[in-house]
Amino acid sequence: MKIASLNTWLPLTAEPLLIAGPCGAESLEQLVATAKDLKELNKVSLFRAGVWKPRTRPNAFEGKGEEALKWLNEIKKEFGFKITVEVANAQHTELALKYGIDVLWIGARTTVNPFSVQEIADVLKGVDIPVMVKNPIHADLQLWIGALERINNSGIKKLAAIHRGFHVYGKTKYRNEPMWQIPIELRTLFPGLPIICDPSHISGNKELISSVAQKALDLGMNGLMIESHHNPSIALSDAEQQLTPKNLGELISKLILRKPISIDDSVIDKLAELRNSIDEVDEELINVLKKRTHIIEEIGAYKKEHNITIFQLERWQEILRTRAQLAQKLGVSPNHVEKICQLLHEESIRIQNSLMNK
Ligand code: PEP
Ligand code: MN
């Protein structure tokens, strides 16, 4: 993927990029009231509002469509915000371009469908507009990358990914599980791709937003998209998770910013020293693993000689129990140790199996 960095299409300040605005554009009055308060925060780079709302069930507020694009132009003129809207098909995209929307985003329900993403990409051929792609509803990194690639193949280089969490069945703490390892893997694969976190759709309620936003910053994400409505209690969609601009301002002011690197020599030296220690411990760990492998090979050969099965349930239960107990005693997470034991056991069985069947 050829990707332009975020600051080629949005001003990056010392603070994280902040995208804010209501879940849905409901009326010109609602947009003006919200934009006015957001403007006062002096921290919002991009004003968001859904114009077509993909709703799970019919008869919910589905957005005001083209009419709302006109309102958003008023907001742009009156408050000087750049505007972003969600597009889900070719027609939405054509209309958004016609009304001079500054940045497009593709929603989670659209990213899952390569046909829809491709039809949006086709409209964007030869157009120079930034596009942000939300992760698909379910935890499929390839599908997320695929959508970014389809847009990128149309010549769009001003790309960003939006992490909005992943649906899991049943009641959970989050509306959408963050599964942080997925955006981290995306960052590892495409280091130049800006990633913006959407704590609103991860949280699903007002209370969790600040901790999710802080975690996103701790992981080095490039910005936040947070839903804000001048009066959330009367919002026509996502009322539970929208913050008033005032609450948003308070939340942002409490976030702790972390730098990707330090320029302070003493900090760099101390970190290098600690990393050296980790390198040494990892080397020790691998040496211990080597020792363990030798013993497993001996056990495997002995079992073969005496025609004993590889898997011994009582022994396995004993390993799990005693290791968890020791972990607890030493202040290491028993859950973590159990996962490591599972991996060790799998490897032990693999080694013994190949020995027995030689
Ligand atoms: C939204 O941003 O309002 C929205 C519909 O989000 P998502 O696509 O993440 O569900
Ligand atoms: Mn929403």
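The model is predicted: local features need pLDDT of at least 70, side-chain atom pairs count only at pLDDT 80 or more, and totals for chains, interfaces and linings use all residues. Residues are numbered from 1 along each chain as its sequence is written, and side-chain values use heavy atoms, leaving out hydrogens and water.

Eight strands form a closed barrel in the order β1-β2-β3-β4-β5-β6-β7-β8, with parallel pairing. Strands are DSSP runs of E with at least two residues, and helices are runs of H or I with at least four, numbered from the N terminus; two strands pair if DSSP finds at least two bridges between them. From one strand to the next, the twist averages 25°. Such angles run from 0 to 180 degrees between N-to-C directions, with axes fitted to C-alpha atoms, for helices over the stretch in contact.

Next, select helix α6, residues 141–153, which packs on the sheet and touches β4 (103–106), β5 (131–134) and β6 (159–163). Contact means heavy atoms within 4.5 Å. The direction of α6 makes about 155° with that of β6.

Now select β1, residues 17–21. Two bridges join β1 to the parallel strand β2, residues 46–48, and I19 stands opposite L46. Five bridges join β1 to β8, also in parallel; there, G21 has E227 as its bridge partner.

Finally, select β8, residues 223–227. Five of its five residues are buried, so β8 is largely enclosed by the rest of the structure. Buried means under 20% relative accessible area, exposed over 50%, and partly exposed in between, with a 1.4 Å probe and protein chains only. G223, M225 and E227 lie on one side, L224 and I226 on the other. Two bridges pair β8 in parallel with β7, residues 195–197, where I196 stands opposite G223.

Key. Chains lettered and ligands numbered in written order.
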